[in-house]
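Hello,

Here is the structure I promised to pass on to you. Have a look at it first, and then read my notes below.

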Amino acid sequence: MKVEYSVEKPLNREPAIKDLISSYITPNNDTCYDRNHGPIPYLNAKDHLVKVDGEVLKPLQLSVEDLKTRFKQHEIVSALQCAGNRRHIMRTLLKEVNGLDWFEGAVMNCKWRGPKLRDVLNEAGINVKNIKDYHVAFACYKVPVQGGESWYGGSIELARAMKESADVLVALEMNGQPLPVKHGFPIRIVVPGVSGCRSVKWLDRITVQSEESTNLYQRYDYKILPPSATDKETASKYWDKTPALQDMPVNSVIAVPQNGDKVKLATSGAVEVKGYALPHGDQGPVVKVEVSADNGRTWKVASILPQNSGQSKWAWALWKATVQLQKGQKTHLLSRATDKGGNMQSGEPQWNLRGVAYDGYGISTFDVAA
Ligand SMILES: Nc1nc2c(c(=O)[nH]1)N[C@H]1C(S)=C(S)[C@@H](COP(=O)(O)O)O[C@H]1N2
Ligand SMILES: [Mo]
C-alpha cells in the first residue's frame, strides 16, 4: 500500500484565512486544512471493506459499492473543524498550551454525501438494551499514528448515531467528487457539529460497544481538561474523569482585515470587515454576528451572506460588516456570534492545557493608514 508522509512528519496545514472565506463551499484543494496523526494511505476503492460489528444482530462487511447502492444517499453541507482551531489565540491571549499552532483556518465547509450511519446500523440491527449506555466506535487500522498507537479511532454516543436529525454520514463524496485521498478516500465518517477528530478517515471498522473508543485520541487527547491540569503530570489524573470533546462551541473569526494588516480606509472612513461563524453543536445555524470597535462596549450587527440563509444548521456562516474607523490609529476589532439555539460567544474563553475548543471573541488588531 502506497502511503504519503509519515508518523514522524504527518501532513498538517491550514489555508490562508482570506482564501478560506472567499467561498461558501470550501473547494477540494488546498483551501481545505489537513490534520493527520500519521501517514496518508492510498486505498483501493474496489477492494476496500468496512466491517460493522460489536453489539449488532448481523455483522456486515460493506464495500464502497454496497454503501453507494444499498442505502439511500444523503447530501449535507457541514463544517468540519479541528478541535485545535484557534489554538494560537488561546496560547497568545491566555497562557501557553500544548499542541500544533493552528491559527483560524483549521475548518472547512463542505458538501458531504453518502448513507446515514443510522441506516447502516439499522441494517446490521442494533442489539442493545438501552441505547443510552452505548457508543459507536470508528476506526482506521490501515496506518499507525503518533503516540505509539497502531491505529486511529474515535467514538460518539450511539444515541447520536441513531438520531435521524443528527445527520451522521458514512461519507463517500466531498463536494460532488469522491473523497480526496487526504480527506479519507474512499470512506470517512462525518459527524456534523462535532470536533473533527471523531470524523475518522479511511474508515474500515464501525463497532457498537458499551465503552468509548479505546484509542489514545479518544481517551488521552481532545478533551477540555480543567484549568488545574497544567502539565502532563497533573493532567494524568484528569483524563479518565473528563468527558471526550464532542460538540464544538459557537464561534466567530475575523478574517479581513487580518490581524497585523495595514489598512487603507475608503474616503467614507469605512472598512469592510469579513469572517466566518460557527454554531454550537446541533444548535445552528448562526443567526447573528456582531462586530465591536470599542472593545465590546457597543456592537454593530453584521450581515450574514445570503448563501447561508435557511441552509444547513451544520454549515458555517460567512459574514461582513462595514465599520467606520479613525485614520492613523491602531485598531482593535472584535466579533461575536449567536446561533439559533441562543448560544452566544461569551467573551470569556477558558484556558485548557491542550488548547482545544477556543471560543473567545473573533479578534483582529491592525494599523489604519493615516
Ligand atoms: N484515520 C484518521 N482519521 C482522522 C484523523 C487521523 O489522523 N486519522 N484526524 C482527525 C482529526 S483530528 C481531524 S481534525 C480531521 C481532519 O480532517 P481533514 O484532514 O480531512 O481536514 O480528521 C480526523 N480523522
Ligand atoms: Mo483535529
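A polar contact is a pair of N or O atoms within 3.5 Å; inside the protein, one of them must be able to donate a hydrogen and the other to accept it, and residues adjacent in sequence count only if both atoms are side-chain atoms. With that in mind, look at Arg188: an N or O atom of its side chain is 2.8 Å from an oxygen atom of ligand 1. On its own, ligand 1 exposes 530 Å², and the protein buries 99% of that (areas by the Shrake-Rupley method with a 1.4 Å probe; for residues, only the protein chains shown count as cover).

Before you go further, please note that this is a predicted model, where local features need pLDDT of at least 70, side-chain atom pairs count only at pLDDT 80 or more, and totals for chains, interfaces and linings use all residues. Residues are numbered from 1 along each chain as its sequence is written, chains are lettered from A and ligands numbered from 1 in the order in which they are written, and side-chain values use heavy atoms, leaving out hydrogens and water.

Now for the rings. The whole structure holds seven aromatic pairs (rings of Phe, Tyr and Trp, the last by its six-membered ring, with centres within 6.5 Å; planes under 30 degrees apart are stacked, over 60 edge-to-face, the rest tilted). Tyr33 and Trp102 make an edge-to-face pair, because their planes are at 85°, with the centres 6.1 Å apart. These two partners are 69 residues apart and link distant parts of the chain. Tyr33 is buried at 5% relative accessibility, and Trp102 is buried at 4% (buried means under 20% relative accessible area, exposed over 50%, partly exposed in between, with a 1.4 Å probe and protein chains only).

Another pair, Tyr217 and Tyr222, is tilted, at 6.3 Å between centres and 50° between planes. Tyr217 is buried at 6%, as is Tyr222 at 3%. Together with Tyr152, they form one aromatic cluster.

Enjoy exploring!

How values were computed
Helices (H or I, at least four residues) and strands (E, at least two) are DSSP runs, numbered from the N terminus.
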